[in-house]
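Trainee: Could you walk me through a protein model and let me ask questions as we go?

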Amino acid sequence: MNMSEKCKQHVDSCRFCWMCHHICPIGNATGHERSTARARALGISLVNRGAIELDEIMDNIYECCTCGACVHDCTTGWDPVMFTKEVRLRAALENKLPEYINILLDNCLNTGSAYGKTELCDDLTAALKVHADKTDILLYLGVDARYMVCKQAVKAIKVLEDADVKFTVLENEPASGAQLDFLIGAANETKEQMTACAKALDEFKTVVVYDPNDAKAIKQTFKEYGVETKAEIITYTAFLAKLHDEGKLRAKSTGKTVVFQDPYQLSRDLGETEEARKVISAFAELHEMLLNRAETVWAGNILMAEYLPEVINEVSARRLYNAESIGETAVVTACVSEYAALKNVEQNEIEILSIEDLILD
Ligand code: SF4
Ligand code: SF4
């Protein structure tokens, strides 16, 4: 396999250690050593040495959710996310992607979303009409909220309306490229999608990004791929914290006691941990879960549930158990995809709330 020297070095160095395998949400859910960073590096190194074919490890390459817990934990500085994403790119270039990934990829290229959906729910369509006029502020919803969890998208809009914010929501919102980046890494198609998105965002002074996955792409990955945005980019949670500071959220106690599920894109990648806590604390008593802030454990998402539904359900159930085991009864999320994944778990012990749910309670 044609792999960069940098990635080869990380693969060959990482594969002799397993110090991070206990914090891998996928490895813990499957119970398989093969799902962890170390085993993935070992498999890639076997391909690089010609001992096995790339096709033989592709399922394993797509088991990684790229949450970066291993990268964060690795005291020697090796980066399994980097080499996993590079293998995805190489496999795409060599036409060796698994069929279930090709389907998601084609959907992304043809419709802008891996789910292949183009119709919005009626409530969201109605809400978009109210915010069609151009203003200085764009609320960027992202494909997960628009097509898969539209009730939460409507609530995100309602929270800003209640705070008297004047904002626009695009009827034809361009994809951020975050899904393509997950599926095939730094391919030309990913960069093209990101460039088109940046151009649309540049029409606004400020862009409030609802989904942490898009926020990470726009605030971090765009720069890595040489895509520039002139607009001020702010996460939805940071924008809410600002509204709270300005007294516009009309905070009131819901009487609930909750823990917060840090989305890794905010806490590990963007270094944003206190903004959500500030808002949540204005509406509920906030306790801390084991493994919080930059140490957070990913709680699942909708995209990987498209091809690994049982594993993702187990990932989400295990994260809920972290809350249940310390006697907590409610988890607040700031990531619409984690919210949907946690809601999919059949259980009655823990209430799943978004920050919008808490504010609109
Ligand atoms: S990422 Fe670091 S801690 Fe994890 S297996 Fe590789 S070398 Fe070990
Ligand atoms: S990025 Fe996350 S899912 Fe992938 S190997 Fe590391 S800890 Fe596991």
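This is a predicted model: local features need pLDDT of at least 70, side-chain atom pairs count only at pLDDT 80 or more; totals for chains, interfaces and linings use all residues.

Trainee: Into which domains is the protein chain divided?

Mentor: Let's go along the chain. Domain 1 covers 5-97.

Trainee: What area do domain 1 and domain 3 bury between them?

Mentor: Their centres, taken over C-alpha atoms, are separated by 27 Å. The contact takes 14 residues from domain 1 and 14 residues from domain 3. Carbon and sulfur atoms hold 68% of the buried area, and the total is about 1100 Å².

Trainee: Which residues in domain 1 lose the most area to domain 3?

Mentor: We want the top three on that side. Together they make up 37% of what the domain 1 side buries, and they are Ala 29, Cys 67 and His 72.

Trainee: How many residue pairs are in polar contact across the interface of domain 1 and domain 3?

Mentor: Salt bridges first: the count between these two domains is 0. For polar contacts, with both residues at pLDDT 80 or more, the number of pairs is 4.

Trainee: Which helix gives the most to the side of domain 1 that touches domain 3?

Mentor: Two helices, α2 (25-30) and α5 (69-73), each supply at least two residues there. With 5 residues, the top contributor is α2.

Trainee: How many residues of the shell around ligand 1 are nonpolar?

Mentor: The residues around ligand 1 include Cys 14, Cys 17, Arg 38 and Thr 76. By class, the shell has 1 charged residue and 1 polar residue, while the nonpolar count is 7.

Note on methods
Residues are numbered from 1 along each chain as its sequence is written. Chains are lettered from A and ligands numbered from 1 in the order in which they are written. Side-chain values use heavy atoms; hydrogens and water are left out. A residue is near a molecule or strand if one of its heavy atoms lies within 4 Å of it. Ala, Val, Leu, Ile, Met, Phe, Trp, Tyr, Cys and Pro count as nonpolar, Asp, Glu, Lys and Arg as charged, and the others, Gly among them, as polar. Domain bounds come from an automatic or database domain assignment. Contact means heavy atoms within 4.5 Å. Buried area is the accessible area (1.4 Å probe) that two parts lose on being put together, summed over both. A salt bridge is a side-chain nitrogen of Lys or Arg within 4 Å of a carboxyl oxygen of Asp or Glu. A polar contact is a pair of N or O atoms within 3.5 Å; within protein, one must be able to donate a hydrogen and the other to accept it, and residues adjacent in sequence count only if both atoms are side-chain atoms. Helices (H or I, at least four residues) and strands (E, at least two) are DSSP runs, numbered from the N terminus.
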